[in-house]
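Please examine the structure shown below together with its sequence.

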Amino acid sequence: MRRIVLLMGAALLSGCAVVEQLTGAGAEADGQVALSPAPQGMPRPPARPPGLTPGAAAAPPAGARTVEDFDTTDDAARSAAVADAAEAGARRLGRTVASLGAASEPGIWIKTPLVDSLTQGRADYPAAGTSIAVELRPAGGAPGAGSQVSLAAMRLLEAPLTGLPELILFAD
């Protein structure tokens, strides 16, 4: 057992060295990580368009354990998502089967292969008769690959957190 633990520790440390080599990251004396510029020819992600934010919510606390701990959206953001749904999403993108995304990513968003770039839109959940305004994030993959939904969005849609609800997505 001790040998396995030692081997796993060595693998983790060697993995860190590979990451340092690939990213040029290195720990500074104060514990901060400094990144060097990306190597020539390495693709960069597109800049986030102004006005679109990953969510007004803060990251969940380190000791988060419950749904309420992880859903850090405030009442104003929740109310706005529900109220703005009527005006959001003029262009129908299609249907998608959704699952719960990373609970540690705050905000009201859906990662879906139905969009190629970050945009605002609407999600309808016909089974519950609910609609919300959401940030649509590209997920890559084929349009039938399914989508991931933030914890806050799942709750606002009244969709089961452990289910696979079918949503209809619209883009502005």
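The model is predicted. Strand 5, residues 119-125, pairs in the antiparallel sense with strand 6 and also pairs in the antiparallel sense with strand 8.

**Strand pairing**

- Strand 6 spans residues 130-138, and its antiparallel pairing with strand 5 runs over 7 bridges.
- Within this pairing, Gln120 has Glu135 of strand 6 as its bridge partner.
- A hairpin is formed by strand 5 and strand 6, with 4 residues between them.
- Gly129 lies in the turn of that hairpin and has a positive phi of about 70°.
- Strand 8 covers residues 166-171 and is joined to strand 5 over 4 bridges.
- Gly121 has Ala171 of strand 8 as its bridge partner.

**Nonpolar core**

- The largest nonpolar core comprises 22 residues.
- Ile108, Ile110, Ile132, Leu136, Leu167 and Leu169 have the most contacts inside this core.
- At least two core residues come from each of strand 3 (91-100), strand 5, strand 6, helix 4 (151-157) and strand 8.
- Helix 4 gives the most to the core, contributing 5 residues.
- In soluble globular proteins, nonpolar side chains tend to be buried together.

**Surroundings of Ile108**

- Leaving aside residues up to four places away in sequence, Ile108 touches Ile132, Ala133, Val134 and Glu135, among others.
- Other contacts of Ile108 include Thr73, Ala77, Arg78 and Ala81.
- Ile108 also touches Ser150, Ala152, Ala153 and Leu156.

Key: Residues numbered from 1 in each chain as written. Predicted model: local features only at pLDDT ≥ 70, side-chain atom pairs only at ≥ 80, totals over all residues. Heavy atoms only, no water. Pairing = 2+ DSSP bridges. Core = buried A, V, L, I, M, F, W, Y, C linked by side-chain atoms within 4.5 Å. Buried < 20%, exposed > 50% of the residue type's maximum accessible area, 1.4 Å probe, protein only. Contact = heavy atoms within 4.5 Å.
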